[in-house]
Structures are given as structure tokens and as C-alpha cells.
Amino acid sequence: MKSIILLLIAGLLVTAISCQRTEEPVAPSNNSEDQFFNLKVGSNWVYKTYYNSDFTAQNNPYAYIGRIDSVSIVGTVTVQGLTFAKERTKITYPNSNMNGQVIYNYVRVNSKGHLVCYPTLENVTVTETGGHVLHPGKDFEYSYSSEVKMGPETVGNLFYKLEKNKTISVEGAQYAASPYEGKFTPVPAMPYLLPKTQEISYAGGLGKVREICHEIYGKGFLETRLISTNIIN
């Protein structure tokens, strides 16, 4: 399979490694918002990833690429007064250099109800509202925008915002999902690129159920689907 360049990586990498500071005191997160994401130790999720070569063709077939991500909450860590869930992801992807790789991230629900992530807690300043926003929870006022670059060249713009709940079908199961969508708009100098929409959908109390990541060039995209879960309430 050809190498796939994902808009998600290009558009969000900067915020994944940066922190914002706030000087104003903030209230602790709402318990109902914590329950929406459910980051309790012992919870786990398993995902499969599929590839589709043409998002413009309604019935274009999906092909399983052989990748399985096993995600689990393995503990909690408190840093600078803030408590994070330690999230472990093990990748099973035969015949790739990612096979057997284990990745840790540190996630929490902030005072705004956003699910935020730090890739490491070492040698960084963490703040109540800092970190990379994985999903804004129920906050329809939140948005994120960024230029998308390939090398020094700007090829388009991304605009992420929470959309209204919708029912989606994932691996034969129906979910009332909350989609956080990123609209990609090419710059005028790139008329051969197509507008397209990223998606990260969470179901309340369950976790992420689907993620869609597009190629910058071409019509292909990856779709990551929840196939099983064990949630600790």
C-alpha cells in the first residue's frame, strides 16, 4: 500500500506538543463530563483500521490493513496538582515497523469538559487548560484552526468544531455519537486538492468509536473502528 499522509498529523502535531498557560483560577471539571469520557483504570478498547481509496464514491469498498490498536487505562499520575489517566496503546501491525510498538499518553478532562492529552509529563509545564484537545466533550463553542503545511508550503486550512450528535454504525453496532469534525479547505494555489472532512467520534460513557483521517493528496482515507471494549464504571 502506498504511504499515507494524514491530515490529522499535519494539522494537529503542533498542539500535541505545546501547552497553553492560564493565570486565572478555574473550577474542577464537572463529574458528568468525566463520565462522558470514562477514564477509569482498567477500561480498555480495541480498534481495527481500514483503508478506502475514494471518499467521493459512495459504495467504494474498505480494505482491512491488518492493524489493531489495543488501548487501556493502566494507572493515574498526578503532576503539578493535576491528575492524569495513563493511557497505553499497543499496536499489532504485522509486516510493518510499528508492529509491537507501545505508546503512552496522559489524558484528563479539564475544567471546560475537554478531553486533553500530553504525550509526556516529563520536563513540561502542565496547566488546567493546557494540552492537545482530543475532543471538546459537549462544548459547542470550542473550535480549533490551523494551516496545513507540506514542508514550507501551505496547502490548506483545517477548522475543527463539535457537530450535533448523530447515530453511526460501526462494525454492526449503532452508537449515538458526538462527532468532532475537521474541515479541510485547500488554498487557492492548490486547485487540484479536494475539500474533505476529518472525524473523531465519541459515544458518551463509552469512548472513541470511530476516527476518519484523510490523505492530503488523493481521495484515500483511513477509518479506525471500535471492535470491542471493557468499560469500568
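Reader: In E4, what is the bridge partner of lysine 86?

Author: Welcome to this predicted model! Strand E3 covers residues 82-92 and strand E4 covers residues 102-109, and the two pair in the antiparallel sense over six bridges. Lysine 86 has its bridge partner in E4, and that partner is tyrosine 106.

Reader: How many helices and strands does the secondary structure of the protein chain come to?

Author: The protein chain has 233 residues, and buried residues make up 48% of them. Among contacts between residues at least 6 apart in sequence, 52% join residues at least 24 apart. The secondary structure comes to two helices and 13 strands.

Reader: Which residues have the most contacts inside the largest nonpolar core?

Author: Here is a general idea to start from: in soluble globular proteins, nonpolar side chains tend to be buried together. In this model the largest nonpolar core has 37 residues, and the ones with the most contacts inside it are Tyr175 and Val209.

Reader: Which strand gives the largest share of this core?

Author: The largest nonpolar core has 37 residues. Its largest share is four residues, and they come from strand E10.

Reader: Is serine 178 buried or exposed?

Author: Serine 178 has its place in strand E10. Leaving aside neighbours within four places in sequence, serine 178 is in contact with Phe36, His135, Gly137, Leu162, Asn165, Ile200, Ser201 and Tyr202. Its relative accessible area is 5%, and the limit for a buried residue is under 20%. Serine 178 is therefore buried.

Reader: How far apart in space are glycine 220 and asparagine 52, C-alpha to C-alpha?

Author: Glycine 220 is found in the loop between strand E12 and strand E13, and it is buried with a relative accessible area of 1%. Not counting residues up to four places away in sequence, glycine 220 touches Tyr51, Asn52, Ser53, Asp54, His214 and Glu215. Although glycine 220 and asparagine 52 are 168 residues apart in sequence, their C-alpha distance in space is 5.5 Å.

Reader: In which strand is glutamate 199, which forms a salt bridge with lysine 166?

Author: The closest N and O atoms of lysine 166 and glutamate 199 are 3.5 Å apart. At 31% relative accessibility lysine 166 counts as partly exposed, whereas glutamate 199, at 6%, counts as buried. The pair links distant parts of the chain, 33 residues apart: lysine 166 is in strand E9 and glutamate 199 is in strand E11.

Reader: What is the N to O distance in the salt bridge of lysine 183 and glutamate 181?

Author: Glutamate 181 is buried, with a relative accessible area of 12%. Its side chain meets that of lysine 166 in a salt bridge at 3.6 Å, N to O. Lysine 183 counts as partly exposed at 36% relative accessibility, and its salt bridge with glutamate 181 has an N to O distance of 3.1 Å.

Reader: Which residues are linked in a network of salt bridges?

Author: A search of the whole structure finds ten salt bridges. The pairs of lysine 166 with glutamate 199 and of lysine 183 with glutamate 181 have already come up. The linked residues are Lys166, Glu181, Lys183, Glu199 and Arg210.

Reader: Which residues make the nonpolar surface patch of about 220 Å²?

Author: The accessible surface of the protein chain comes to about 12000 Å², and 51% of it belongs to carbon and sulfur atoms. Tyrosine 104, found in strand E4, counts as partly exposed at 34% relative accessibility. The patch is made by Val74, Val102 and Tyr104.

Technical notes
Residues numbered from 1 in each chain as written. Predicted model: local features only at pLDDT ≥ 70, side-chain atom pairs only at ≥ 80, totals over all residues. Heavy atoms only, no water. Pairing = 2+ DSSP bridges. Buried < 20%, exposed > 50% of the residue type's maximum accessible area, 1.4 Å probe, protein only. Contact = heavy atoms within 4.5 Å. Core = buried A, V, L, I, M, F, W, Y, C linked by side-chain atoms within 4.5 Å. Areas by Shrake-Rupley, 256 points an atom, 1.4 Å probe, with all protein chains shown as cover. Patch = residues over 30% accessible without salt bridge, like charges linked within 9 Å, V, L, I, M, F, W, Y side chains within 5 Å. Salt bridge = Lys/Arg side-chain N within 4 Å of Asp/Glu carboxyl O.
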